[in-house]
Structure formats: C-alpha cells, structure tokens
Amino acid sequence: MQLLSLTLAPQSQPPPPPGFRLFPGLAAPEKGRKFHQLLVLLLTFTAYAAFHASRKPPSIVKSILTNQTLAAINATANDQFAQNPVQNGTGWAPFDGPRGPHRLGELDLSFLLSYAIGMYFLGHIADTVDLRIFLTVGMAGSGIFVILFGLGYFLDLHSFGVFVFIQLFCGLFQSMGWPCVVAVVGNWFGKSKRGLIMGVWNSHTSVGNIIGSVVASSVLGFGWGWSFVLPGFLIIFVSGFVYLFLVVHPESIGFGTLSEKDVEMSVEGVALVDSEKIETENNGGAVIESEDDEGGSVAIGFFDAWRLPHVASYAFCLFFSKLVAYTFLYWLPFYIRHTAVAGVHLSHKRAGILSTIFDIGGVLGGISAGYISDIIEARAVTSLIFLFLSIPTLVLYRLYGSISRVTNVGLMFFSGLLVNGPYSLITTAVAADLGTISGNSRALATVTAIIDGTGSVGAALGPLLAGYISTRGWNSVFFMLIVSILFAGCLLIRVARSEIVGKMREGKWLWFGIIMDH
C-alpha cells in the first residue's frame, strides 16, 4: 500500500469584506454564525443564478437570428416542422441561411469550450487568491462581454469572428464562478448540511435559467440586443453585492473553523472532507493522507485529484449529463418555436417563456434527488434511477409533446425533473462516494474545476452536435440525447453496485438480495 502525503502550509485569511466597514452591525458578535451562513447561501445562490441568467439569451434569440430557410432544410428530413413552417423574417447575418443552425452550434461551442478550458486552469488559480475578488471579477467580466454581444444588434454587426471572440472571453470569465461558490460554501457548512439543503441551494442553476429566459424573452420585441444587455447589467449589479458582503472564511470575521469531522461540502462531482485520508479500492489501494499539523492548507495536485475514488466515474458521467442538460439549455426554446403544439407555432416570446417549464421541473428534480438519496443513502443508485427513467420520458415528449399544450407542459416538466435530478445530485451531494480530502477551499476549487471542466466539455459538445443534427430532423437530436443518457448511466453502474453491496453488508437492503436471488 502506497502512502502519499499532502503537506499543508499555513495560510493567512483575507480581511472582512468592505461592506462590513459600512455596516459594522453585520460583524460578530452582533450577528451569529447562522445569520452569516444564510447570507453566504443567499449571496452564492444569487451569484450563480446571475451567471446562468446571463447564459440564457443565446438560446432565446436563436430562432430570430435564423430565418425561414430552415423550413426548406427540415423539409428534406420529413420532419413535422416541414408541414407547418415558421416564417422568421430575414434573420441576422451571419446566422441566416442554410448554415445558420451550424453557425449557432459553433457559437455555443466557442463559449462552452473556453468555459471548459478555463475551468481547468482558472479553478486552480482560484486556490491561490481571494475568492471574493476572483468571483467579483468573473461576474463583472461576464456581464461586460454579454453586453458586448448585445451591442452587435445596435451596431449592426455581422462578423461571425467577432461574435466568436466575444463568446470565447465570456466563457473564460464564466468559468471563474463555480469553483468560487462551492469553495466558499464549503468553508461555512459541515457534513450535516449536505443532501436536501444542497439540492435546494443547487437550484440556482434552474432559477437562473428561468430568470434569464423571462428577462430575455420579455424584451425581444424591442430588438434581440436587449435580451443580452439586461442580463449583462443584472450580473454586474449582483457582483457589487458579492464584493461588498461575501465572507469567504468564517475566521475572517471572528468565527472558529468547523471541526474536521463536520467539514464537508459537496461540489460539482467532488467530495469534500470529513476524515483525514482516503483509501482507494484499486490495485495498490493507495492512500492519500492530509497532514494538518501546521494548521494551514494547500491545493491538492491535479493528478492526485483524479486518483480520488470515483472521481473519474462521476466526471465522465457528468460529461454526458451536461451534454444533455446544456443541449436543452441552448436549444429548447428554438425547438419549441419550430415545433407545432396542437397545430399552432408559438411566438418567439412565448416559446422562450414556455421553455422555463423544463427548468421548473429541474428545481424539483434537484431537491427530490437530494432528498431521496439522503433517505436511501445511495447517491449513485438515485442517479441511475433518474437517468433511466428520463429515457422513456424524453421519448414520450418527442412523440406526444405536440398533441396539446397540456401534454407539452407536463412532459417537459417531467423531462426537466429527471434530466436535471442526477445532474444536480452529482454536482452537490456525492461526497460519500468520492472519498475525502483536506477540507479547505484551496483543495476544493482545484477538484471542483477538474470535475466541472470535464462535464463542461460535454456541455460544449451537445449544443454543437444539436446545431448540425437538427438540420436532419429533431428525431436525430433526441436519439443523441438518449444515447448520452445511456452512457451516463453505464458509468455509474460500478459505483451503484458498490453502494448496494455496502448496504447489504451493513444489514440494510436485504430485500434487494432476495429479489436478486429469485
């Protein structure tokens, strides 16, 4: 058995945020730990909801940027769309014409690929700087580039290269967000806080999508540029509150640290910490041990993080899960706009607002998946159930979602619930499955970046493939999504099996053994 030690060096805590000088009553002992935990949850929730709200405009304006030429494209695929084509006007060069969907997919790729690359590198940088400042810069930079994209409308800009350039930098700034928020929450919350509460907290993704959809859709009538400008100003506005009031470490305002056995925060596919070492089940059974005699912390190595138990399984599962989730994020309003519901095509605005039903289902999915996994104490098993139930639901949505508004809304809701349930669970409550590492933000951001970076590669690939495949018919797109879900489920089978075996050894789930014997 090989022993790898992580030597931890002392670190100084950043000073209190400037808002505490403006409002001294916020500091301890005037306000207790519970108040500041709620404040941290509120600020990080709002911050990441603002990130997602600023990502939503591209999906809302897709059907406006293209034009009626798409009807002729889909006619060759014998798609339902061909029987009742939508007239979109003249579109917006360079996204009009037969290659319009392809270029929109490439635009999504430029954003999401830079996001994935930035996640690997910028997440590691976050380990070495003040997370409050780093998060504020990421939010402000994201807002600026979202606004710049919208200015293309007012400046009559038609250069595809310029739009790609803007999306590349927007993706880089967006990648600064997730490692920061999970590391900050990880500093404030202990082991007992994971599960249901983290499922509720992680609904910021769907809440942000809903806000972005409603805001972007409501101003489409004034020109598609406003659909970017308003969410851009929104995230800049929220960044001001983050800069003024976000407390990264409890110690910086006079609170003590959580005890080692209580320190645990589930992140995007990563477990954070309730013991001092991790023993793998691989050939050599390597142990990674944290030595905290110094009382400080240091970031875990990139390759050491990959060696943590089940990190790779959850990372690649997240790859396929985010591929599906982000395909809906970027293409669902476009799909609704170009698919007749009860023989009627919805307007751009109504299609965008109706797409929020998917995200509303996602909120409930994340909460219910966390709650169920807490009850049965099996994260992978819960994720598998949701993943495999989502397959027939997507088939039903494609086949019968166009019959009436009621069936469309109902099947879209359950699709969002089942697709986003395991995605949310993996990103928040898989700590027990992944093992433990040193409980500090300088380790959290690195491991989080690895997991989310891998998932974000899938997120980049999904919308790109949808842009190309949609020209052959939407049945092909849904087939791609179903195959991706199958791959995601298969990657968790081994983890789920170990959970089941563990429960049976503990004398639990004996009914499962009886069923298997028969």
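# Group meeting talk: a walk through a predicted structure

Among the contacts in this protein between residues at least 6 apart in sequence, 84% join residues that are at least 24 apart, where contact means heavy atoms within 4.5 Å. Residues are numbered from 1 along each chain as its sequence is written, and side-chain values use heavy atoms, with hydrogens and water left out.

Let me begin with the overall picture. The secondary structure comes to 22 helices and three strands, these being DSSP runs numbered from the N terminus, with helices (H or I) of at least four residues and strands (E) of at least two. The protein has 518 residues, of which 59% count as buried; buried means under 20% relative accessible area, exposed means over 50%, and partly exposed lies in between, with a 1.4 Å probe and protein chains only.

Now to helix H3, which is mostly covered, since nine of its nine residues are buried. Among them are Pro-57, Ser-59 and Lys-62. Which residue forms a salt bridge with Lys-62? The partner is Asp-108, with the closest N and O atoms 3.0 Å apart, and a salt bridge here is a side-chain nitrogen of Lys or Arg within 4 Å of a carboxyl oxygen of Asp or Glu. This pair links distant parts of the chain, with Lys-62 in helix H3 (residues 57–65) and Asp-108 in helix H6 (residues 100–125), 46 residues apart. Lys-62 is buried at a relative accessible area of 1%, and Asp-108 is buried with a relative accessible area of 1%.

By this rule the count comes to three salt bridges. One of them joins the side chains of Glu-106 and Arg-99 at 3.5 Å, N to O, and Arg-99 is partly exposed, with a relative accessible area of 44%. Another joins Arg-132 and Asp-130 at 3.9 Å, N to O; in that pair Arg-132 is buried at 6%, whereas Asp-130 is partly exposed at 22%.

The axes of helix H7 (residues 131–154) and helix H9 (residues 177–188) come within 9 Å and cross at roughly 145°; the axes are lines fitted to C-alpha atoms, for helices over the stretch in contact, and angles run from 0 to 180 degrees between N-to-C directions. On the H7 side the contact uses Leu-131, Phe-134 and Leu-135, and these meet Gly-177, Cys-180, Val-181, Ala-183 and Val-184 in H9. The residues of this contact divide into seven nonpolar, one polar and no charged, where Ala, Val, Leu, Ile, Met, Phe, Trp, Tyr, Cys and Pro count as nonpolar, Asp, Glu, Lys and Arg as charged, and the others, Gly among them, as polar.

Because Tyr-153 lies in helix H7 and Trp-224 in the loop between helix H11 (204–218) and helix H12 (226–245), the pair ties together parts that are 71 residues apart in sequence. Tyr-153 is partly exposed at 28% relative accessibility, whereas Trp-224 is buried at 4%. Both belong to one aromatic cluster, which also includes Trp-92, Phe-95 and Phe-149.

I will finish with the backbone. Most residues other than glycine have a negative phi, and most peptide bonds are trans. Asp-156, although not a glycine, has a positive phi of about 55°, and its place is in the loop between H7 and helix H8 (160–174). Ala-342 also has a positive phi, near 55°, and is found in the loop between helix H14 (311–337) and helix H15 (348–354).

Notes. This is a predicted model: local features need pLDDT of at least 70, side-chain atom pairs count only at pLDDT 80 or more; totals for chains, interfaces and linings use all residues. Rings of Phe, Tyr and Trp (its six-membered ring) pair if their centres lie within 6.5 Å; planes under 30 degrees apart count as stacked, over 60 as edge-to-face and the rest as tilted.
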